[in-house]
Amino acid sequence: MNKQTNFDLVLFGATGDLAMRKLLPCLYQAHVAGLLHPEGRILGVSRSELDTGGFLEKVETHSKIHIKQNFSDEQWASFTKRIQYLTVDVTRPEQFDALAETVKARKETDNVVIYLSTAPKFFAPACEALAKVGLNAPNVRIVLEKPLGTDLKSSQEINTDVARYFKEEQIYRIDHYLGKESLQNLLALRFANVVFEPLWNNKYVKSVQLTIAEQLGVEERGEFYDITGALRDMVQNHLMQMLCMTAMEAPKSLDADDVRDEKMKVIKSLKPLTSADVDANVVRGQYTADKGMNGYLQELNVPSESRTETYVAAKAEIDNERWKGVPFYLRTGKRMAGKVAEIVLNFKDLDNHIYENSAAAPNRLVIELQPTESVRLYTQVKTPGAGNKVEPTALAVDMGQAIEGRRAEAYERLLLDVINGKLALFNRRDELEAAWEWVMPIMENWENSPVPPHGYAAHSWGPEAARELLARNGDKWHEEQ
Ligand code: NAP
């Protein structure tokens, strides 16, 4: 259980979608689980002219509906006692005085978390105004929501601006995938067991696949999505983190910098992509109308000529002793046939087969992050009766069922970690910028490419070109295996 640390959590963007849908409901769940210090306060902040009563009405209308479990009127009433609201327009520094007074008026805690759940253009002015009123002292931690920039340059600019006022150890850059229990379990699987690690290398692994597939399209977020695309939205951050956790060496400890040093080494070992590599090894796709669903170009607020990718598949290579020669296939897409996030290790075939058909399905390890949190190791098991046939059978563990205990949502875990000053599940500046460096040649190639994205039918598994990308190495995507 987390040690309870007293805190003031200042939540900028408190009236926004993320706060209402995730942050406040997760804080409620932590409150109900008894994980928040009884005196811990939440100061909701945004531009809207509201008093605390008006804000709480809004929270009750919007946020409460996202709390599906553990809701009780009594708990809700005690949770909302923690909450106050303050109007602060980030672009009006004079409005930060009242915030500073409210925070500093409180003597019984010196642990202040400032969560910027706002557009990144507000990060620099918010940090500057916070510093002017002394809310950047060593006891203050600042949380930055993604996206941290739209390319390497803008990411560097944000980091440089924030670094003017906050030290690196005060900065918590969110990638909510790192808060997923199942992704953390990957490290336990690898480093708390003796059986997997000896096989976790190019001697035994033929290829690795990392997938984040969504069934939804862009829905009503066409305008945002069209200037973002799947590469920025998913590859540079979530898929890159999944790759790091899969490929990294054992850290010296689970302390923040030990883990982040090892992740950084993986990103630095990624073979840089030339423009020719992008042409050959990266597929950009866009969903087309099918099964009664719109194509991307027919979606609301999407320009009819848009080339924004709703799908990416890329072959990455890690140039180190452990992984040399093993392709890492990264893919993500909207309007795909299934909603799944998973890591698949395909093992090499046996040299010698004494069973009739064992070559048909070499071993495979599937770590599913969603919709279930499970691990499945496909092994060959003899078919009953006469004959010497085997068939692939999964040794499967569903974490939710196998291990008792409440499984917190990623944002809850991350919020508690910030309150408790634990940095391990947050991105360090150098990691983030190295990840941007790796994706930049893809963005640059696409900006100049005469080739439009490959179409793929809505609710399919992506363009044919992505199938061909794997076929060249004798591989298949997981759903085809
Ligand atoms: P949103 O619904 O548009 O809310 C924006 C928030 O920022 C509102 O609370 C708004 O306050 C506040 N705001 C705007 N201008 C302000 C100003 N000048 N001073 C102070 N506050 C101001 O956005 P969101 O969806 O919550 O997203 C917030 C950030 O998180 C964005 O950068 C987004 O990309 C990122 N993010 C969102 C999600 C998600 O699922 N929504 C997921 C991951 C990352 P008023 O309402 O009072 O104007």
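Reply: Gladly; here are the terms, one by one. This is a predicted model, where local features need pLDDT of at least 70, side-chain atom pairs count only at pLDDT 80 or more, and totals for chains, interfaces and linings use all residues. Residues are numbered from 1 along each chain as its sequence is written, and side-chain values use heavy atoms, with hydrogens and water left out.

Me: How do you know that strand S9 and strand S10 pair?

Reply: Two strands pair if DSSP finds at least two bridges between them. S9 (residues 311-317) and S10 (residues 327-333) have seven bridges, in the antiparallel sense, so they pair by that rule. One of the bridges joins Ala-313 to Arg-331 in S10.

Me: What makes S14 and S15 edge strands?

Reply: The nine strands form an open sheet in the order S14-S13-S12-S11-S7-S10-S9-S8-S15, with mixed pairing. Strand S14 (390-398) and strand S15 (454-457) each pair on one side only.

Me: Why is H1 called roughly perpendicular to H13?

Reply: Axes are lines fitted to C-alpha atoms, for helices over the stretch in contact, with angles from 0 to 180 degrees between N-to-C directions. Helix H1 (residues 17-32) and helix H13 (residues 410-419) cross at roughly 70 degrees, their axes coming within 9 Å. Roughly perpendicular covers 65 to 115 degrees, so H1 is roughly perpendicular to H13.

Me: Which residues of H13 does H1 meet?

Reply: Contact means heavy atoms within 4.5 Å. Residues of H1, including Leu-18 and Lys-22, meet Tyr-411, Glu-412, Leu-415 and Leu-416 in H13.

Definitions and conventions. Helix = DSSP H or I, 4+ residues; strand = E, 2+ residues; numbered from the N terminus. Parallel < 35°, antiparallel > 145°, perpendicular 65-115°, else oblique.
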